[in-house]
Amino acid sequence: MRIILALGALAIIGLSGCVEDPYGYGGGYGPGPAYGGGSYGGGNGAPDPSARANYGEEYLSAGFDDDPYTVSVTSGGELDASSLGGECTGMISRAPDFQLTYDAGSLPLTFGVSSYSDATLVINAPDGDWYCDDDSGGGTDPEISFYRPQSGVYDVWIGAFGGDSADAELFITELR
């Protein structure tokens, strides 16, 4: 049995069909509701937020200078993100691809992926919930915005829709 929890029980469906979280914890244009707590990490066959990130980690404070901050990655992995429930999709690795420790301010925080292949995005946010997106960044690129981001650790996976790994670029910005 799987229990799916959504922060801020109220969600608004915009004209574009994307879910927005009026409380600003997650949501934006595409991530939909949060799925579950931190209970998925660590087991065999499940993404593990405690594992060392495949492409490194960074600490950023609100108003960071190098905006957008970018990281080159390869999408995909051996795990099916749909095991997280909800809108999660694509093949991801067990370990996060990138880990951001963020000191929040008043600006929104957006994570996006640019790739010539169909990429997906999975984020385990500081609140322990999972946020996922497939195509909200335009074309086949995913994007997740936190309008009132929390300070803490964001573990990020870049998935491959259909399972075909490809070069991709993760970007993190406060300018959108």
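This is a predicted model: local features need pLDDT of at least 70, side-chain atom pairs count only at pLDDT 80 or more; totals for chains, interfaces and linings use all residues.
Q: What makes up the secondary structure of the chain?
A: The chain has zero helices and 13 strands. Helices (H or I, at least four residues) and strands (E, at least two) are DSSP runs, numbered from the N terminus.

Q: How do you know that a disulfide joins C88 to C132?
A: A disulfide is a pair of cysteine sulfur atoms within 2.5 Å. The S to S distance of C88 and C132 is 1.9 Å, so the pair meets the rule. The count by this rule is one disulfide. The pair links distant parts of the chain, 44 residues apart: C88 is in the loop between β5 (79-80) and β6 (91-92), and C132 is in strand β10 (residues 130-133).

Q: Why is the disulfide of C88 and C132 called right-handed?
A: The torsion about the S-S bond is about 70 degrees, so the disulfide is right-handed.

Q: Why is C88 called buried?
A: C88 has a relative accessible area of 4%, which is under 20%, so C88 is buried. C132 is buried as well, because its value is 1%.

Q: What makes the D48 and S50 pair a polar contact?
A: A polar contact is a pair of N or O atoms within 3.5 Å; within protein, one must be able to donate a hydrogen and the other to accept it, and residues adjacent in sequence count only if both atoms are side-chain atoms. The side chains of D48 and S50 are joined at 2.6 Å. D48 lies in the loop between β2 (19-20) and β3 (57-61).

Q: Is P108 buried or exposed?
A: P108 has a relative accessible area of 18%, under the 20% limit, so P108 is buried. P108 sits in the loop between β7 (98-103) and β8 (109-115).

Q: Leaving aside neighbours within four places in sequence, which residues is P108 in contact with?
A: Contact means heavy atoms within 4.5 Å. P108 is in contact with F146, Y147, P149, T173, E174 and R176, leaving aside those neighbours.

Notes:
Residues are numbered from 1 along each chain as its sequence is written. Side-chain values use heavy atoms; hydrogens and water are left out. Buried means under 20% relative accessible area, exposed over 50%, partly exposed in between (1.4 Å probe, protein chains only).
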